[in-house]
Amino acid sequence: MSLVNIMANEEKDNQERISGRERREMALQKKQASQMRRLRLGAMIVIGLIALIVVVGLVVEFLVVPNQAVAQIGNESVTLREWQNVVRFQRAQLINSIEEQLEQFVDEEAPDQEQAREDALRFVQQFSGQQINILSFGYDQLGEIVLDQMVDDALVRQAAAERGISVSDEEIEAAIGEQYSFYNGDSPTPFPTATQEPEPTPSLTPVSFGEETTEESEVVEPLITPTPGPTSTPFPSPTPAPGPTSTPFPSPTPVSREYFEEQFSEDMTAIEDTGGDPAIFRQ
């Protein structure tokens with residue numbers, strides 16, 4: 001065998017070995033690629049299931065559950081969202097009311113402001129202890145109170161609708177102004193003065209006792225005839241001296257619209273800062 005044939009056979013064998021190794025590498029690459037595709041598909045399915053669970057949870061949490069009815073009054077229902085909003089509003093009102101009391105009772109002219117604030121805090125705790133307990137430990141109790149009030153309001157609205165009673169925006173504004181002693185720049189309408197009724201003149205009515213009469217009763221005649229004595233002179237009745245005339249109370253100063261709007265805006269901002277919805281105040 002010549003050298004040329006030997007070299008040709010060796011080259012052929014090398015090519016066959018290279019081709020076999022390439023085929024094995026290509027098969028391995030295909031297998032790995034198939035495994036990667038399956039892994040990616042599995043990961044996408046898992047991620048899709050997790051995303052679906054999250055979306056369903058969000059829909060239930062923010063759409064289904066808040067719109068569930070916690071009370072049914074005829075054809076009207078109180079949803080969980082409405083109830084929670086009113087509870088937050090009432091809680092904000094209680095907090096702001098207690099804070100206003102605390103600021104009013106603090107003696108700003110006291111030399112020790114820290115001690116003055118502690119004294120005011122004890123005073124508020126004494127007179128507003130129930131509200132503080134509700135805010136601290138009775139959140140469920142506050143929720144029950146709010147729900148009962150919402151049911152009563154719904155009954156009032158239904159009865160008003162049956163009787164054709166409605167409330168205009170002007171009446172709502174007037175009712176809000178009355179809470180701040182605002183009467184469109186005028187003074188409040190005074191209450192009518194009570195008319196003094198005449199007092200009855202006391203008189204002495206003789207009291208008669210019943211006398212038992214029987215057939216055996218005897219009439220007893222007086223042994224001594226009374227002699228009439230001197231006529232007594234009546235004492236003059238004293239003339240009552242006129243007392244001091246009561247000083248009438250000063251008429252209240254009309255509240256201006258600027259002052260009313262300023263106070264109302266401050267209160268609504270405080271409610272919003274404490275977590276309440278100012279729109280519920282108008283409702």
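Let me begin with arginine 282, which at 42% relative accessibility counts as partly exposed, where buried means under 20% relative accessible area, exposed over 50%, and partly exposed in between, with a 1.4 Å probe and protein chains only. This is a predicted model, in which local features need pLDDT of at least 70 and side-chain atom pairs count only at pLDDT 80 or more, while totals for chains, interfaces and linings use all residues. Residues are numbered from 1 along each chain as its sequence is written, and side-chain values use heavy atoms, with hydrogens and water left out.

The side chain of arginine 282 meets that of glutamate 173 in a salt bridge at 2.7 Å, N to O, a salt bridge being a side-chain nitrogen of Lys or Arg within 4 Å of a carboxyl oxygen of Asp or Glu. This pair links distant parts of the chain, with arginine 282 in helix H8 (residues 279–282) and glutamate 173 in helix H6, 109 residues apart; helices here are DSSP runs of H or I with at least four residues, strands are E runs of at least two, and both are numbered from the N terminus. Glutamate 173 is partly exposed as well, at 39% relative accessibility.

Across the whole structure, a search finds 3 salt bridges. Another of them joins glutamate 76 and arginine 157 at 2.5 Å, N to O, and here too distant parts of the chain are linked, since glutamate 76 lies in strand E2 (residues 76–79) and arginine 157 in helix H5, 81 residues apart. Finally, arginine 257 bridges to glutamate 261, their closest N and O atoms being 3.8 Å apart, and these two, 4 residues apart in helix H7 (residues 257–273), are separated by about one helical turn.
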